[in-house]
Amino acid sequence: MSSWRKAAKANQKTHKERHQPESRKHLGLLEKKKDYKKRANDYHEKGATLKLLRKRTLDRNPDEFYFHMINSRVKDGEHHELEKEDEHTPEQIKLMQTQDLKYINMKRTIESRRIQRLQSQLHMTDVADATPNTHIFFVDEGEEKNFDLAKRLDTHPSLINRKSNRPRLSDLNKITLPEVNDEIIKSTKKIKEKTYKELSQRIEREKQLTVIQQKMELKRHLQDAKVLKPKRIQSGTKVSAPVYKFQYVRKK
């Protein structure tokens with residue numbers, strides 16, 4: 001029956017809405033029903049929003065608190081989130097999302113062993129000589145002007161600034177030094193600089209892996225704490241893991 005009604009309306013005359021008369025053209029377009037429906041719906045939506053806001057204002061609790069109240073600020077009528085320092089670096093996030101704790105521990109152990117091997121080869125003598133230090137000598141009055149430090153230490157004047165490997169003159173006379181040209185000195189210096197650079201990079205990488213390991217271990221401990229949630233004492237940063245205080249639980 002409904003299909004017959006639709007078929008009957010197929011030849012029905014289409015009633016068109018009239019346009020704005022010529023005498024009223026200066027008033028603009030004549031509002032049609034679809035325009036009125038849009039305007040009416042917008043009016044009712046705004047009225048409902050105002051009614052809801054008015055109700056929330058009447059029902060508001062003066063002691064109500066949300067953390068978003070202190071984590072955002074209103075500037076020029078707009079809410080802006082307070083920028084917080086990132087707790088993780090992009091490299092740390094990538095490692096924590098793709099690798100497990102055993103892998104991080106293994107890589108950190110490898111780096112620490114390589115650091116120990118490099119430190120045993122370099123002996124860090126250049127760093128020791130660059131560190132400022134004081135050495136006091138006590139002399140009699142009147143001998144301060146004529147005090148000879150090289151003679152007092154019984155060594156060559158060019159070796160005075162050394163803190164290690166500073167032989168005496170008697171030992172220098174017994175040592176037979178090999179013949180060394182400028183090319184060997186330059187190549188040795190380059191190798192030493194390259195080794196020191198590798199050592200510094202590995203130390204920095206070992207520190208980063210240690211921080212990642214601490215963060216992952218702490219995350220696992222927080223998941224295991226089911227009875228009471230631990231209290232956070234210090235927030236985490238890119239170079240340190242957060243600090244939590246766990247409740248003491250006696251083991252049977």
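At 27% relative accessibility, His 88 counts as partly exposed. The structure is a predicted model, in which local features need pLDDT of at least 70, side-chain atom pairs count only at pLDDT 80 or more, and totals for chains, interfaces and linings use all residues. Residues are numbered from 1 along each chain as its sequence is written, and side-chain values use heavy atoms, with hydrogens and water left out.

**Exercise 1.** Describe the surroundings of His 88.

*Solution.* 
- Step 1: His 88 is placed in the loop between β2 (78-81) and α3 (90-98); helices (H or I, at least four residues) and strands (E, at least two) are DSSP runs numbered from the N terminus.
- Step 2: Apart from residues up to four places away in sequence, His 88 touches Ile 93, Met 96, Lys 215 and Lys 238, contact being defined as heavy atoms within 4.5 Å.
- Step 3: Lys 215 is 127 residues from His 88 along the chain, yet their C-alpha atoms are separated by 9.6 Å.

**Exercise 2.** Classify Lys 107 and Glu 111 as buried, partly exposed or exposed.

*Solution.* 
- Step 1: The classes are buried, under 20% relative accessible area, exposed, over 50%, and partly exposed in between (1.4 Å probe, protein chains only).
- Step 2: Lys 107 lies in helix α4 (residues 101-122), and Glu 111 is found in helix α4 as well.
- Step 3: Lys 107 is partly exposed because its relative accessible area is 31%; Glu 111 is buried because its value is 5%.
- Step 4: With neighbours within four places in sequence left aside, Glu 111 is in contact with Arg 202, Arg 205, Glu 206 and Leu 209.

**Exercise 3.** Identify the surface patches that contain Lys 107, Glu 144 and Met 69.

*Solution.* 
- Step 1: Patch members have over 30% relative accessible area and no salt bridge; like charges are joined within 9 Å, and nonpolar side chains (Val, Leu, Ile, Met, Phe, Trp, Tyr) within 5 Å. A salt bridge is a side-chain nitrogen of Lys or Arg within 4 Å of a carboxyl oxygen of Asp or Glu. Areas come from the Shrake-Rupley method with a 1.4 Å probe.
- Step 2: Lys 107 belongs to a positive patch with Arg 113, Arg 114 and Arg 117.
- Step 3: Glu 144 lies in the loop between α5 (125-130) and α6 (149-153) and is exposed at 62%.
- Step 4: Met 69 forms a nonpolar patch with Phe 65, Tyr 66, Phe 67 and Ile 70, with about 570 Å² of accessible area together. Met 69 is partly exposed at 44%.

Technical notes. Lys, Arg positive; Asp, Glu negative; His and termini not counted. Charge placed at Lys NZ, Arg CZ, Asp CG, Glu CD.
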